[in-house]
Amino acid sequence: MANRRNFIKNLSAMGFIAPVAAFSFFDMNAQHSAGFTLLDEVQNPVDDDFWKAVQSNFEQSTRFINLENGYFSPQPLPVLNAFIENTRTINQNTSLYMRTKQFDDKEMVRNELAAFAQVDAEELALTRNTTESLNILIQGLPLKTGDEAILAHQDYGSMIEAFGQRARRDGIVLKKISLPLHPKTDEEIVQLYKEVITPKTKIILVTHMINTTGQILPVKKICAMAHASGVEVMVDGAHTFAHIDFKIADLGCDYFAASLHKWLCCPIGAGMLWVKREKIKALWPLFGDDSQPHDNIRKLEHQGTHPCAVQLSIPTAIKFHNLIGSQNKEARLRYLKNYWVDKLAGVDGISFNTPADDSRTCAIANVAVAGISPTKLAAKLYDEHKIFTVAIESETVRGVRVTPHLYTTEAHLDKLVEALTHKLKNKKGG
């Protein structure tokens, strides 16, 4: 109960509970400077009082149970309020804000995000999503005909397509590996990448967490292996940033991209790209920009006129995340995944396309019911039980992806277990 009171007290101290007050755009930084205390103690992932306090900050529809949070995360009320107020303020001040204050505020956001990510602000670009961030890299790397890039069939489709465009345009060579659904060791995965490296290999794309199955890859070991062969590594961190507790620096990669509207719970259209400082100069911007030096990370941010209110809401999302704590958030999300998976593990006719080892997964899991296609299963879960998931039908995995979030309750997951068991019984009976 004390932890619940402290969480609510911190929200109140930050002005998160009371309605957001109007403010002059000249004082916009003030909304991000309210004092608060970081939650530095480990919480029980099953602590009802604490997690109910967290859940109360998410306003979700009662018409259905949303277990497809892998697409993007809903904004908790403090972030939603900040976004609305930021939008209102910019709408009121229009071009005066855009021409006089926009750029200072952007630097404030960059610095706060860099501090949260524990990286140098001069290596961090603010983008709109992971796809944009990785396209900046894929289209901007100085690759020439015959240079090789290594991908996995399980990488995000848009990134495979982006590399495919680069191959058609510039003649680079793509090599694709297939990752096991249930690896026995990290070395098994590392070896798959290692086996296809040649003297012509220049870059490897590694997805930190596979979006279709939730499998976490041993990025640090892959990077160490690649660097030993003189190969750079770009990491797709769309599903790990603010989901699991790690430091970008500890991965040992050269480039890292993430969507902040996923697990950091920012408004849609917030992303980031980290580039090791010595790698910045060689990158071509996705959009032409002569206003910045070639070795300045800001050359990669040219977007034209864009919704600044999205980026201005990032610091509030960071503060809300910190009130919970990265370790606590990871533990709660893994607990929620294990809660429903453990109830179905070993049930004849139900299988999982996600590793069972806790170190290889967190919130996301992919489930299959024998004799029912993923598309039909997802449709029945929604039509008959009002549980929203997403069907995954690809060459490498066939199942339904289930992604709970911090506002998800055990009761929601009990309904999922009941629905899946019901579908299995009906299938056997029919």
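**Surface patch, helix packing and salt bridges**

Y71 is exposed, with a relative accessible area of 59% (exposed means over 50%, buried under 20%, and partly exposed in between, with a 1.4 Å probe and protein chains only). The model is predicted, so local features need pLDDT of at least 70 and side-chain atom pairs count only at pLDDT 80 or more, while totals for chains, interfaces and linings use all residues. Residues are numbered from 1 along each chain as its sequence is written, and side-chain values use heavy atoms, with hydrogens and water left out.

Y71 lies in the loop between β1 (65-66) and α3 (77-100); helices (H or I, at least four residues) and strands (E, at least two) are DSSP runs numbered from the N terminus. Together with F72 and I268, Y71 makes a nonpolar surface patch of about 340 Å². Patch residues have over 30% relative accessible area and no salt bridge; nonpolar side chains (Val, Leu, Ile, Met, Phe, Trp, Tyr) are joined within 5 Å, and like charges within 9 Å. Areas come from the Shrake-Rupley method with a 1.4 Å probe, and for residues only the protein chains shown count as cover.

The loop between β1 and α3 also holds E68. E68 forms a salt bridge with R401, with the closest N and O atoms 2.5 Å apart (a salt bridge is a side-chain nitrogen of Lys or Arg within 4 Å of a carboxyl oxygen of Asp or Glu). This pair links distant parts of the chain, as R401 is in strand β13 (residues 398-402) and the two are 333 residues apart. Both E68 and R401 are buried.

Side chains of opposite charge can pair when their charged atoms come close. A search of the whole structure finds 25 salt bridges. One of them joins E330 and R334 at 2.9 Å, N to O. E330 and R334 are four residues apart in helix α12 (residues 326-344), so about one helical turn separates them. E330 is buried, with a relative accessible area of 15%, and R334 is buried, with a value of 15%.

In helix α13 (residues 374-385), E384 and K380 are likewise four residues apart, or about one helical turn. Their salt bridge has its closest N and O atoms 3.3 Å apart. E384 is partly exposed at 45%, and K380 is partly exposed at 27%. Elsewhere, salt bridges that share partners join K106, E107, R110, E122, R298 and E301 into one network.

Helix α5 (residues 130-140) and helix α6 (residues 157-170) pack at an angle of about 20 degrees, with their axes 10 Å apart.

Conventions
Axes are lines fitted to C-alpha atoms, for helices over the stretch in contact, and angles run from 0 to 180 degrees between N-to-C directions.
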